[in-house]
Amino acid sequence: IQSAYDDKGVVASYGVEAGLRFAKTFSDGFSLFFGGNVSYVKSQILEWIETPAYPNLSVIGTPADAARGLVALGFFQNQAEIDASPKQEFGQVKVGDIKYKDVNGDGFINENDMVAMDYGSAFPALNYGFNLGFEYQGIGINLSFQGAAGQTKNLREVDGVWGALSNNRNLSREYYDNCFDRAGANALYPRLSTTDVANNAQNSTIWYRNVSWLKLRDCEIYYKLPASSLQRMKISGFKIFVQGQNLLSFDNIPAMDAENLNTGYPVLKAVNMGLSVTF
């Protein structure tokens, strides 16, 4: 029996990956290596069954895992600005609340003004890594870096950092220093409130960020005994080393680890010292 419902949809996925490695040992015993890899992936909805009320609500042309939200224009500076703006239908609006763009031009701000963010939310579009190292007369160093970019994440998922006092929640220094009450026209976040403000809790470009990060994932400094000493000691290998993980991190998110916003916990740093002997 033919079903009354048909599945229809076309999603295009693209990707490219490349890698490179170089290693060389010179005549004086100095050895050097470096290498790297990079991958880029993208998805795009080409066909979909939809009848959007406004063009901005169409999913065609957006990433398959695109987050959607309102476009923030900053924060209301005074009551006159509130009165002159399109009506925002998320409860009462006060000075210091987020001001949204009337994307569809109907004079009201609601769910019909949401747009797709630039990148998907499931995983980074760009992933890359590179490593390098050298060794000379038994002394060596190995460095390994990892990075990612092109992923939309929601700051409000980490409520302990980007939450604003309501329901007896803690207030982070990041939010306090950059909220409307403290920073005014230069604010990054809306006003403080001891109660939930529905207008400010909407998914929007205030909370959505295209995250990127680069980390020194692993670092090792070591010393190996020369072959002549190993023969006298009747062992095949002897190495003293210091290893570190996640010692350096660079990202575009203040107060939190951009890689782990979904967990609310930063990546732990670690330093280990050890001795490796091979018989």
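**Entry 1: overall form.** I noted at the start that this is a predicted model. I looked up the secondary structure and found five helices and 13 strands. Next I checked the extent: the C-alpha trace spans about 85 × 60 × 35 Å along its principal axes. I then looked at the radius of gyration, which is 26 Å, while a compact globule of 279 residues would have one near 19 Å.

**Entry 2: surface and contacts.** I found that 35% of the 279 residues count as buried. The protein exposes about 16200 Å², and carbon and sulfur atoms supply 55% of that area. I also looked at contacts with a separation of 6 or more, and 63% of them join residues 24 or more positions apart.

**Entry 3: the core.** In soluble globular proteins, nonpolar side chains tend to be buried together. Here I looked up the largest nonpolar core, which has 27 residues. Those touching the most other members are Ile-98, Leu-155, Trp-162, Trp-207, Ile-253, Met-256 and Leu-261. Strand S4 (72–75), S6, helix H2 (159–162) and strand S11 (208–224) each supply at least two residues of this core.

**Entry 4: the rings.** My search of the whole structure gave eight aromatic pairs. One of them is Phe-30 with Phe-134, a stacked pair at 5.9 Å centre to centre with 25 degrees between the planes. Phe-30 lies in the loop between strand S1 (9–25) and strand S2 (31–48) and Phe-134 in strand S9 (residues 126–136), so this pair ties together parts 104 residues apart in sequence. Phe-30 also pairs with Tyr-136, this time tilted, at 6.2 Å and 55 degrees. Tyr-136 is in strand S9 too, so that pair ties together parts 106 residues apart in sequence. I noted that ring pairs link Phe-26, Phe-30, Phe-134 and Tyr-136 into a cluster. Phe-30 is partly exposed at 25% relative accessible area, and Tyr-136 is partly exposed at 33%.

Entry 5: Is Asn-104 buried or exposed? I found 16% relative accessibility, and the cut-off for buried is under 20%, so Asn-104 counts as buried. Asn-104 sits in the loop between strand S6 (98–100) and strand S7 (108–109). Its side chain reaches the backbone nitrogen of Asp-106 at 3.1 Å. Not counting residues up to four places away in sequence, Asn-104 touches Tyr-54, Asn-56, Asn-112 and Asp-113.

Conventions:
Residues numbered from 1 in each chain as written. Predicted model: local features only at pLDDT ≥ 70, side-chain atom pairs only at ≥ 80, totals over all residues. Heavy atoms only, no water. Helix = DSSP H or I, 4+ residues; strand = E, 2+ residues; numbered from the N terminus. Buried < 20%, exposed > 50% of the residue type's maximum accessible area, 1.4 Å probe, protein only. Polar contact = N/O pair within 3.5 Å; in protein donor to acceptor, adjacent residues only side chain to side chain. Contact = heavy atoms within 4.5 Å. Core = buried A, V, L, I, M, F, W, Y, C linked by side-chain atoms within 4.5 Å. Rg over C-alpha atoms; globule rule 2.2 N^0.38 Å. Areas by Shrake-Rupley, 256 points an atom, 1.4 Å probe, with all protein chains shown as cover. Phe/Tyr/Trp six-rings, centres within 6.5 Å; stacked < 30°, edge-to-face > 60°.
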